[in-house]
Amino acid sequence: MSARALLVAYLTLGVADSVLAAADVDGPRWVTKTLLMPVLIAFVWVAARPGTEHDLRLPIGALVGGFVGDVGLLVDREATFLVGMAGFAVGHVCYLLAFRRVGITLPPWLPAVYLLAWGAMMATVRGGLDDLLVPVLGYSLLLTAMAVCAAGVGRRTGLGGALFLGSDAVIALGLADVDLFPGQAALVMPTYVAGQLLLALTWASRPFPRRHADEAADPRSTASSG
């Protein structure tokens, strides 16, 4: 399957799952949500920039962590929620290590801005988290670190990290029974789907690899580009 077809499949699944989540229809989400990360992994593999194939283990590991998180959060039990959170946490560690390989350049004020936002969010939700307070505090700090480092890779990657952070912030609000605005839960999946895609595009080529493969097979293209 081509990279474009996989991208369309991912976006279609993302839209479908976002609609199902907003409508509170759980059954079909065992298909739409569980397929999201496998399809995105396939996309990253097919669309990888030439020469980066050996650098894909960490981003793919991050997406595998996302898959574990997606499945864990589908089950309405605290134990499986913690398993899902652990999956996402492993994914964030993989992203952090992968960003380090790509290269991170940050303005000195940006970590402080994200840390202030993290503190404000934790102050908002901590009263309603009960037994989940400590794991959520640790996980959210790791997620914030991932979002900060993503911003140091590039604008597109940074936006992906920010959207991922925003998605999980809305989940935290729901766990704490804090309603900041009507329909806030409907934002979880669209921001998550977009965030994971933008993060994954860090390792994908544009245009997609078929053109690169054609150019690599044609020595004239290399000569003309030099």
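At what angle do H1 and H8 pack, and how far apart are their axes? In this predicted model, in which local features need pLDDT of at least 70, side-chain atom pairs count only at pLDDT 80 or more, and totals for chains, interfaces and linings use all residues, the two helices pack at an angle of about 160°, with their axes 8 Å apart. Residues are numbered from 1 along each chain as its sequence is written, and side-chain values use heavy atoms, with hydrogens and water left out.

The secondary structure of the chain comes to 10 helices and zero strands, where helices (H or I, at least four residues) and strands (E, at least two) are DSSP runs numbered from the N terminus. Of the 226 residues in the chain, 44% are buried, a term that stands for under 20% relative accessible area, with exposed meaning over 50% and partly exposed in between (1.4 Å probe, protein chains only). Among contacts with a separation of 6 or more, 73% come from residues 24 or more positions apart, a contact being heavy atoms within 4.5 Å.

Helix H8, which covers residues 188-200, has 13 residues and reaches 18 Å from its first C-alpha to its last, close to the 18 Å expected at 1.5 Å a residue; the expected span is 1.5 Å times one less than the number of residues. H8 is mostly covered, as 11 of its 13 residues are buried, including Val188, Thr191, Gly195 and Ala200. These buried residues pack against helices H1 (3-22), H2 (29-46), H3 (57-74), H4 (78-102), H6 (133-151) and H7 (155-175).

For the pairing of H1 with H8, axes are lines fitted to C-alpha atoms, for helices over the stretch in contact, and angles run from 0 to 180 degrees between N-to-C directions. H1 and H8 are therefore roughly antiparallel to each other, in a scheme where angles under 35 degrees count as roughly parallel, over 145 as roughly antiparallel, 65 to 115 as roughly perpendicular and the rest as oblique. On the H1 side the contact includes Leu7, Gly14 and Asp17, and on the H8 side it includes Met189, Pro190 and Gln196. The residues of this contact divide into nine nonpolar, three polar and one charged, where Ala, Val, Leu, Ile, Met, Phe, Trp, Tyr, Cys and Pro count as nonpolar, Asp, Glu, Lys and Arg as charged, and the others, Gly among them, as polar.

H6 and H7 pack at an angle of about 160°, with their axes 7 Å apart, which makes H6 roughly antiparallel to H7, and their crossing is left-handed. Among the residues that meet are Tyr139, Leu143 and Ala147 in H6 and Gly158, Gly161 and Phe164 in H7; the contact as a whole divides into nine nonpolar, four polar and one charged. The end C-alpha atoms of H6 are 27 Å apart, in agreement with the 27 Å that its 19 residues should span at 1.5 Å a residue. The buried residues of H6 pack against H4, H5 (110-125), H7 and H8.

Ser167, found in helix H7, is buried, with a relative accessible area of 1%, and touches Val188, Thr191 and Tyr192, not counting residues up to four places away in sequence. Leu159, also found in helix H7, is partly exposed, with a relative accessible area of 45%, and its C-alpha atom is separated by 7.2 Å from that of Leu198, 39 residues apart along the chain.

Key
Left-handed = near helix turned anticlockwise from the far one by under 90°.
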